[in-house]
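Hi,

Here is the structure I promised you. Have a look at it first, then read on for what turned up in it.

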Amino acid sequence: MHVTHLSLADFRSYARVEVPLDPGVTAFVGANGQGKTNLVEAVGYLATLGSHRVSSDAPLVRMGADRAVIRAAVTQGERSQLVELELNPGKANRARINRSSQVRPRDVLGIVRTVLFAPEDLALVKGDPGERRRFLDELITARSPRMAGVRSDYERVLKQRNTLLKSAAMARRHGGRSMDLSTLDVWDQHLGRVGAELLAQRLDLIAALQPLADKAYADVAPGGGPVALEYRSSIGAGADSVRTREELYELLIAALMEVRKQEIERGVTLVGPHRDDLLLGLRGMPAKGYASHGESWSYALALRLASYDLLRGEGNEPVLVLDDVFAELDARRRERLAELVAPGEQVLVTAAVGEDVPGVLAGTRYVVSAGEVERL
């Protein structure tokens, strides 16, 4: 799969830009602040419905504009599609496929698939658990786009359940009558069902990712491993020893019952996939806090390369995006990474200076300056 044309309107710094794209390697070169990352960010948004740089859509809309449009032509084998997203901060986003009638934004998931490595990925190793949960869930959705609906359902149920718990906690603190919490059992069941599905998908993913991550780390930093991926579930250590949805559902319901008193006191849901973490081990020690800066970079890169290998092995090779990463790597890691990714169907690279792009990644090159994108 590869993107053959990218069109942006009022996205970030671009009032309008049209960028033809070829298979193989394309490098966008330009000084910081000129707009090169905005281009690959747009491609990534089509794949995940989110930005790797900001958590909301508002910063993605050009100053003074009401909306932004991302449009891409995508080819997979003999099939070509045109996908379009209209970003409307404060209102519902809109989507179209092949200029047809409007579809839900999540219906475009799976048309464009990307694996993106950027400086922000250092947070996968050094950041809080939310960064690693997001990594897992975006990869789950890339493997199975229907999981976008499961994630949305989980967030909706969690919000409703937290609202009920918060009301109960406030009533208790202010000496009011105890609230009727009979509906909490119903929300427990809803949370258990969608939570078990999300948890099962995460566990399956980690099992598939582990050998690929170990290999990728060895490729990037020979002799520096091994690495270990361990899922730490808030419902207890038993979660990683089962695989059926029903068993996970029962474990999740039991965990909710066990902490119900504390939840009512604190007004928040204390167990579930939203409280879990992915523990990253390196040579038998936790990577967070023990790995050096270079090792942390290599670990984050290994996770992305493993994701790329996983998706490619499942029959739909994603676009690989390397956003300003070569400048952060030493010469050995830089050359090794370039050799690993050069055979990809489509690789998009950004760099501040052309010399940062290794020679093995020769291909199409664009110069980006002051919002202008010029092909060399």
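A42 sits in helix α1; helices here are DSSP runs of H or I with at least four residues, strands are runs of E with at least two, and both are numbered from the N terminus. With a relative accessible area of 0%, A42 is buried. For that word and its relatives the cut-offs are: buried under 20% relative accessible area, exposed over 50%, and partly exposed in between, using a 1.4 Å probe and protein chains only. If you skip the neighbours within four places in sequence, A42 is in contact with L6, L8, F11 and I70 (contact means heavy atoms within 4.5 Å). L212, on the other hand, is 170 residues away from A42 in sequence, and their C-alpha atoms are 28 Å apart in space.

Before you go further, a word on what you're looking at. This is a predicted model, where local features need pLDDT of at least 70 and side-chain atom pairs count only at pLDDT 80 or more, while totals for chains, interfaces and linings use all residues. Residues are numbered from 1 along each chain as its sequence is written, and side-chain values use heavy atoms, with hydrogens and water left out.

Now the whole protein. It has 10 helices and 14 strands. Its C-alpha atoms fill a box of roughly 70 × 50 × 40 Å along the principal axes. The radius of gyration is 22 Å, which agrees with the value near 21 Å that a compact globule of 376 residues would have. That radius is taken over C-alpha atoms, and the globule rule is 2.2 Å times the number of residues to the power 0.38. Of the 376 residues, 53% are buried. Among contacts with a separation of 6 or more, 69% are between residues 24 or more positions apart.

Next, find helix α9, residues 293-313. Its 21 residues reach 30 Å from the first C-alpha to the last, close to the 30 Å expected at 1.5 Å a residue (the expected span is 1.5 Å times one less than the number of residues). Since 16 of those 21 residues are buried, α9 is largely enclosed by the rest of the structure. Just after α9, G315 takes a positive phi of about 100°.

R12, in the loop between β1 (2-11) and β2 (14-20), has a positive phi of about 50° although it is not a glycine. At 18% relative accessibility, R12 counts as buried. L49 is not a glycine either, and its phi is positive at about 60°. You'll find L49 in the loop between α1 (36-48) and β4 (68-76), partly exposed at 27%. There is also a cis peptide bond joining G225 and P226, with omega about 5°; P226 is in the loop between α5 (182-220) and β8 (227-232).

L49 turns up again as a partner of R106. Leaving out neighbours within four places in sequence, R106 is in contact with L49, A148, G149 and S152. R106 belongs to the loop between β6 (94-97) and β7 (114-117) and is partly exposed at 33%. R106 and A148 are 42 residues apart in sequence, yet 6.8 Å apart in space, C-alpha to C-alpha.

Two more to click on. E120, in the loop between β7 and α2 (122-126), is partly exposed at 38%. Beyond its neighbours within four places in sequence, E120 is in contact with H52 and R53. R375 is in strand β14, residues 372-375, and is partly exposed at 42%.

Happy exploring!
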